[in-house]
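Trainee: Hi, could you walk me through this structure? I'd like to understand how it is put together.
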Amino acid sequence: MTTELSGGQMGGRRGGRPWRLGPRARWWFDVAVATALVAGSLLMIAIGTAAFVLSVVQTLPLYLRRTRPTTTFVLVASASAIQPVFWPEPAWGQAAFPVALYSVARYGRPVQGWLALATGVAGAATASFVWTRTFNTNVPPEFQTPLTFGSYLPMFLVVGAIVVAAWALGTQGRVRAAYEESLVERGRQLAAEAEQRALMAASDERSRIAREMHDVVAHGLSVVIVQADGARYASERDPQVAVQALETVAGAGRDALAEMRRLLGLLRGTSDPTLAPQPGLGDLADLLVAEVATGRVVADLPDPVPEVAGGVGLTVFRLVQESLTNVRKHAGPVATATVRLLADEGTVQVEVVDDGRGAASGHGAGLGLLGMRERVEVHGGTLIVGPEPGGGWAVRATIPTHG
């Protein structure tokens, strides 16, 4: 007989299930057990026809012991109950009773197992009484003794032990199977939860990279456009100004390209050592130098810049970068902006205020503001964005430095 495995197997085996017989192997095993017991009934022919017929009737239901355990037990117990009427001695068919009791305890419900145990104990008590009396009657008169509790007890203990052992083995098998199923189900739940966490982490990472892409592309292109326009207008009057503007365009393009390479490296999972690290507070001066040189930005930065966590520094850098991008896009061609950075115990404060067209500029629309707010809130900070009373637009953020 070929031993099969069920759908899942333990550990590295498919599905995490333990080794066990498959459906076809279980069917062959049940047929072999039942057939062996039914065939053993042939031994009773030499003893008596009644013993043979009773043994066959008691063992035949075992073919259904796995699929119909309760029905099997009822049939076997009923045949055993009527046996003393036709055959008052032990017969081969008694072997079917512990098998049926095991089956109902193993494959039935717990309450059915308990009822079967009670029936088995009662049957053991009755059979022990009948068999003890029969044995005493069949011996020569000089060896016969009165039926007493002392002569009855050994037989009852032996038969009762068989009954209890069959029930205990079946119950233990049912409990173990339920425990294994709970472990398998728990494993499925843990795998599903791990997959869900991985998907959420991937989604968060995609959102973070999308914000980075937005900031890099928007800032780089806005600098390029503004400087290119200035170079075009200035080339007719002062070619030197045009050259400086074109140098700024080239520098902004190289910086944007380096940032794009870094982000694409993250997407590819590469660890290229040539990729620049993410910017922080120390890079704010480099971000503002070209704008300060043209007079479009006034920078008020502490010297030296405070030491903050990398995530906080990146958030402040991107917030200033996006704010200046919005100034170029919405505040008007002659608007100027002031960038101020303040640091005290526990927080860093940054503000970007321009003197442009204010509420009419549409500063508050688009993905840039959403990205800034998400960045600040990740670190437990607050972001206030809106028009200034005297005109212009302001972006103010307060971020804990422990972030």
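Predicted model: local features only at pLDDT ≥ 70, side-chain atom pairs only at ≥ 80, totals over all residues.
Trainee: Which residues have the most contacts inside the largest nonpolar core?
Mentor: They are Leu 284, Val 316, Leu 319, Val 320, Leu 324 and Leu 383, in a core of 28 residues. A nonpolar core here is a set of buried Ala, Val, Leu, Ile, Met, Phe, Trp, Tyr and Cys residues joined through side-chain atoms within 4.5 Å. Buried means under 20% relative accessible area, exposed over 50%, and partly exposed in between, with a 1.4 Å probe and protein chains only.

Trainee: What does Leu 319 touch, leaving aside its neighbours within four places in sequence?
Mentor: Leu 319 is in contact (heavy atoms within 4.5 Å) with Val 350, Met 372, Val 376, Leu 383, Val 395 and Ala 397. Apart from this core lies another one of 22 residues, including Leu 62, Phe 73, Ala 124 and Val 159.

Trainee: Is Met 372 buried or exposed?
Mentor: Met 372 sits in helix α10 and is buried, at a relative accessible area of 4%. With neighbours within four places again left out, the contacts of Met 372 are Leu 319, Glu 322, Ser 323, Asn 326, Leu 383 and Val 395. Its C-alpha is separated by 9.4 Å from that of Ala 397, 25 residues apart along the chain.

Trainee: Changing topic, how do α2 and α3 pack?
Mentor: Helix α2 (residues 49-59) and helix α3 (residues 69-86) pack at an angle of about 170°, with their axes 9 Å apart. That makes α2 roughly antiparallel to α3. For the terms, axes are lines fitted to C-alpha atoms, for helices over the stretch in contact, and angles run from 0 to 180 degrees between N-to-C directions. Angles under 35 degrees count as roughly parallel, over 145 as roughly antiparallel, 65 to 115 as roughly perpendicular and the rest as oblique.

Trainee: Which residues meet there?
Mentor: From α2 you have Ala 50, Leu 54, Val 57 and Gln 58, and they meet Val 76, Ala 79, Ser 80, Ile 82, Gln 83 and Phe 86 of α3.

Trainee: And which residues are buried in α4?
Mentor: In α4 (residues 96-107), the buried ones are Ala 96, Phe 97, Ala 100, Leu 101, Ser 103, Val 104 and Ala 105.

Trainee: Which peptide bond is cis?
Mentor: The one from Asp 303 to Pro 304, with omega near 0°. Pro 304 is in the loop between β1 (297-300) and α9.

Trainee: Last one, how many helices and strands are there?
Mentor: The protein has ten helices and five strands, and buried residues make up 38% of its 403 residues.

Methods. Residues numbered from 1 in each chain as written. Heavy atoms only, no water. Helix = DSSP H or I, 4+ residues; strand = E, 2+ residues; numbered from the N terminus. Expected span 1.5 Å × (residues − 1).
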